[in-house]
Amino acid sequence: RSGRLAEVLKHLDPARRITGIVSPAFAAREVAEHVNPTTCTDRLIVAEIEPAVGDCAPASFDCILVGHALLCRTDPRATLALLRPLLRAGGHLLAALPNAQHWTQIDRLLRGESGSPVIDDGAPARSFTAPSLIKTFLDAGYLPRIIDRRQQAAPESWLEAMRASAARLGLDATAFAARAQTLSYIIDAQALVDTAADDNVAPITLGACTNNSVVLAENLLASACLHGSRHEVLTVEGASSAGEGLNAIIEQAQHELVVLAHQDVYLPRGWVARLWEQYEIARQLTGDRVGVMGVYGVRGTPAGIERAGRVADRDFVLDENMPLPAISGSLDELLLIVPKRSPLRFDPALGFHLYGTDIALAAERAGLVAVVIDAPCHHNSQQGDALPPAFAASAEYLRAKWPESLPIVTPCMLVR
């Protein structure tokens, strides 16, 4: 905007070609203040963002930096989607976004004040939480990474006072404290490959075992790919095991692909179309022997453990260096897809853990294949990394059921 960032970028690499976009109102204000917005800028476009983007060639930028242009938009997703075609293959979009969950903003809300930050002209600006910014970028067709955080520590007395509230909401105390002390997030986003619109592909059945209606409503049922859709949504409450609930969903499902997700998973725009594309590729890859699919998985090889998949998990991105779709020996339970025609079903004796590993082993025994597909989504888990006590019982059952497969590689442990 003022040209100061362009000056720094030029100083670091004089060969860079920099294009600046400045709104007419801001440009007029800077001229009045005798600030030169063209400093070190090879091209300056004085226009609002929509006409400015139309004045730029597609695939002409290695990097796009956004700040106020995103904070002041009523629909930041649309703005991000508008910028996406300007990036070259492998290009990056960088953004610094204020955190609405910072402890000072929480205090403002508790005092009855607005929690919205203001920009330097005094106007209110949009702020994001870590989950909301990840969902927004995914919806706009990017895979976002939080690469840095600007921190402002909370007083220990504040953290102590909030522990009871975090516990009441079932939040992991460590993760909550980290978010509450983040003043802003630095995002590095890369564009995903284009896909068809969700409305132009066949419908799916989406199912989940659920025990928290709020988490379900804020995540899985809020998925952008479901808006105004023809997709079937089935939920099971009070199941005694994942196998019991998920098998019931498969039997009731009316569509060819049955997506079985955790209640805290969010599926972005274009996800269903991407699923169908990946399924067809997986069928060709395996000779039409797809028994089960997932979005993240592992397998053991003589060279070590191979990991596959691209998922935004909590505040981090799991993006393994593995071409997708990929054959896998174990699948993460956050999201699994069982074709309706597949004979595979889940073992209720495993409870709520390791059933993704078990069904992958069952696929191999049946002459079918477990496949990891490229369909990024957001796993907005509020839990910590510690495994619950019931996990050990599931691992012991898996060990006894598959002795010929030991050691068994799973996404979170090695069962020996």
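**Where does P325 lie?** P325 sits in the loop between strand 14 (316-319) and strand 15 (326-327). A cis peptide bond joins L324 and P325, with omega about 0°. Helices (H or I, at least four residues) and strands (E, at least two) are DSSP runs, numbered from the N terminus. This is a predicted model, in which local features need pLDDT of at least 70, side-chain atom pairs count only at pLDDT 80 or more, and totals for chains, interfaces and linings use all residues. Residues are numbered from 1 along each chain as its sequence is written, and side-chain values use heavy atoms, with hydrogens and water left out.

**View of P407 and its cis bond.** L406 and P407 are joined by a cis peptide bond, with omega about -10°. P407 is in the loop between helix 14 (389-401) and strand 20 (408-409). Most peptide bonds are trans.

**View of two loop residues, R314 and L354.** R314 is found between strand 13 (304-313) and strand 14. Its phi is near 60°, a positive value in a residue other than glycine. L354 lies in the loop between strand 17 (335-339) and helix 13 (355-365). L354 is not a glycine either, yet has a positive phi of about 65°. L354 is buried, with a relative accessible area of 2%. Buried means under 20% relative accessible area, exposed over 50%, and partly exposed in between (1.4 Å probe, protein chains only).

**View of helix 6 (residues 103-110).** W103, Q105, I106 and D107 are buried in this helix. Their cover includes helix 8 (156-168) and helix 9 (173-180). Just after helix 6, G112 takes a positive phi of about 90°.

**View of helix 8 against helix 9.** The two helices pack at an angle of about 130°, with their axes 10 Å apart. Axes are lines fitted to C-alpha atoms, for helices over the stretch in contact, and angles run from 0 to 180 degrees between N-to-C directions. Helix 8 and helix 9 are therefore oblique to each other. Angles under 35 degrees count as roughly parallel, over 145 as roughly antiparallel, 65 to 115 as roughly perpendicular and the rest as oblique. W158, L159, M162 and A166 in helix 8 meet F176, A177 and A180 in helix 9. Contact means heavy atoms within 4.5 Å. The contact residues divide into seven nonpolar, no polar and no charged. Ala, Val, Leu, Ile, Met, Phe, Trp, Tyr, Cys and Pro count as nonpolar, Asp, Glu, Lys and Arg as charged, and the others, Gly among them, as polar.
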